[in-house]
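Please walk through this protein model piece by piece. Keep the sequence beside you as you read.

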Amino acid sequence: MQLPSKVKIVDVGPRDGLQNEKGEVPAEIKIGLVHRLQDAGLTEIEVTSFVSPKWVPQMADAAQVMAGIERKSGVRYSVLTPNMKGFEAAVASRPDEIVVFAAASEAFSQRNINCSIAESIERFAPVVAAAKAQGIFVRGAISCAVGCPYEGEVAPERVEMVARLLKGIGVQHVGVADTIGVGTPLKVQRAMEAALKHYGIDDVSGHYHDTYGQALGNTLASLEMGVWQYDTSSAGLGGCPYAKGATGNVATEDVVYMLHGMGIDTGIDLDKLIDAGKYISDFLGRKPNSRASTAILNKRAG
Ligand code: HMG
Ligand code: MG
């Protein structure tokens, strides 16, 4: 066991959380969520995606959302950019970090970004170079790192291959993503070990969807490896448009509750975090998808 004493959480709720919402979420609500998350102490927020609005209509207001944020010093704002067109649009919004997203499964790569894994790396290469030339940090995501909605189980060797390809084009950090939340602790550890063949422990993160209720266990399994960076979603919002039935990332509230209970520092104020998740859930007309949030809200009401 080599538990970290501090953990960095990237709240991906405004992006991964909201990208799949069917109803319109106005830019001002998304901005309101970002403001509440930064007030709660989040130091990185994945705000939006510069992707095709035909593919992901909910992210069509990317520039508007980025422009409306009152930036807080010490907070990093990241955005997804699948190609040069997305990167060029994103640059005007001054992101601190961009995310290129590859997959460990060919079928998912085709459905998600309409190209093969090899083609995606070719597309990302100029994006990575342009971002780094402008001092913008580049993170990569490896989707379907344990399982794929089309191909089933994914071998760690696939993750190792994609990590190697991303490293080869200069991507600075990789997130090991269980896109459809099918992973269990040992499988997630194997996927993480594969990424660690090409990236150091400070340059990897876990991105676990919670479809099968395993994401907290998978987070703990990764903590035990020393992984100290995680993507989580406010109120457990979300799902991927190209992974039918998959639910959101593990709720930020649940991860923060667990970490604080383990004496691990996050810099996050859990009460304010609960308020942020309640704000967006109230707008969406549903309860936060977080056990910790439900418990704390019940306690407040009582
Ligand atoms: P394509 O159709 O192959 O691209 O899409 P294209 O270059 O042939 O262009 C087709 C049209 O899209 C053109 O417009 C382009 O201008 C436009 P038209 O001439 O038909 O009017 N276009 C764009 N518009 C805005 N922004 C852009 C852009 N690029 C092209 N950047 C593309 C390729 C990647 C763009 C498309 O497949 C796409 O947008 N896919 C959406 C992918 C996505 O957002 N998925 C969800 C996020 S990833 C995720 O959730 C996983 C993650 O959370 C980790 C995990 O859990 O696994 C990160
Ligand atoms: Mg995701």
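Start with how residues are sorted. Ala, Val, Leu, Ile, Met, Phe, Trp, Tyr, Cys and Pro count as nonpolar, Asp, Glu, Lys and Arg count as charged, and the others, Gly among them, count as polar. Keep in mind that this is a predicted model.

**The largest pocket**

By that sorting, the lining of the largest pocket divides into 20 nonpolar, 14 polar and 7 charged residues. The volume of the largest pocket is about 750 Å³. It is lined by 41 residues, and those closest to its centre are Ser-49, Val-51, Pro-82, Phe-101 and Ile-113. Several elements give two or more residues to this lining: α1, β2, α4 (84-91), β4, α5, β5, β8 (173-178) and β9. The largest share comes from β5, with 4 residues.

**The largest cavity**

The whole structure holds 1 cavity of 30 Å³ or more. About 30 Å³ of space lies in the largest cavity. Its lining is made by Phe-101, Ala-102, Ala-103, Phe-108, Ser-109, Asn-112, Ile-113 and Ser-143. Both β4 (97-103) and α5 (106-113) supply at least two of the lining residues. Helix α5 gives the most, with 4 residues. In the lining of the largest cavity, 5 residues are nonpolar, 3 are polar and none is charged.

**The magnesium site**

Which residues are the protein donors of the magnesium ion (ligand 2)? They are Asp-16 (OD), His-207 (NE2) and His-209 (NE2), and they lie 2.1 to 2.3 Å from the ion. Along the sequence, these donors follow the spacing D-x190-H-x1-H. Asp-16 lies in helix α1 (residues 13-17), while His-209 sits in the loop between β9 (204-208) and α9 (215-223), so the pair ties together parts that are 193 residues apart in sequence. Asp-16 and His-209 are both buried.

**Strand β1**

In a regular strand, side chains alternate between the two faces of the sheet. Strand β1 (residues 8-11) can be read residue by residue. Lys-8 and Val-10 point one way, and Ile-9 and Asp-11 point the other way. All of these residues are buried.

Strand β1 has partners too. It runs parallel to strand β10 (residues 229-232), joined by 4 bridges. In that pairing, Ile-9 stands opposite Tyr-230. Strand β1 also pairs with strand β2 (residues 44-49), in the parallel sense, over 2 bridges. There, Asp-11 stands opposite Ile-45.

| Residue | Phi |
|---|---|
| Asn-114 | positive, about 65° |
| Cys-144 | positive, about 55° |

Where is each found? Asn-114 is in the loop between α5 and α6 (117-133). Cys-144 is in the loop between β5 (137-143) and β6 (147-148).

Is Asn-114 buried, exposed or partly exposed? Its relative accessible area is 46%, so Asn-114 is partly exposed. Cys-144 has a relative accessible area of 0%, so Cys-144 is buried. The cut-off for buried is under 20% relative accessible area.

Methods. Residues are numbered from 1 along each chain as its sequence is written. Chains are lettered from A and ligands numbered from 1 in the order in which they are written. This is a predicted model: local features need pLDDT of at least 70, side-chain atom pairs count only at pLDDT 80 or more; totals for chains, interfaces and linings use all residues. Side-chain values use heavy atoms; hydrogens and water are left out. Donors are N, O and S atoms within 2.8 Å of the metal (3.2 Å for Na, K and Ca); water is not among the atoms, so sites may look incomplete. Buried means under 20% relative accessible area, exposed over 50%, partly exposed in between (1.4 Å probe, protein chains only). Two strands pair if DSSP finds at least two bridges between them. On a 1 Å grid over the protein atoms alone, a cavity is a set of points where a 1.4 Å probe fits but cannot get out, and a pocket is an open set with protein on both sides within 12 Å along at least five of seven lines; lining residues have an atom within 4 Å of a point. Grid points are joined across faces, edges and corners, and a volume is the space filled by probe spheres set on the points.
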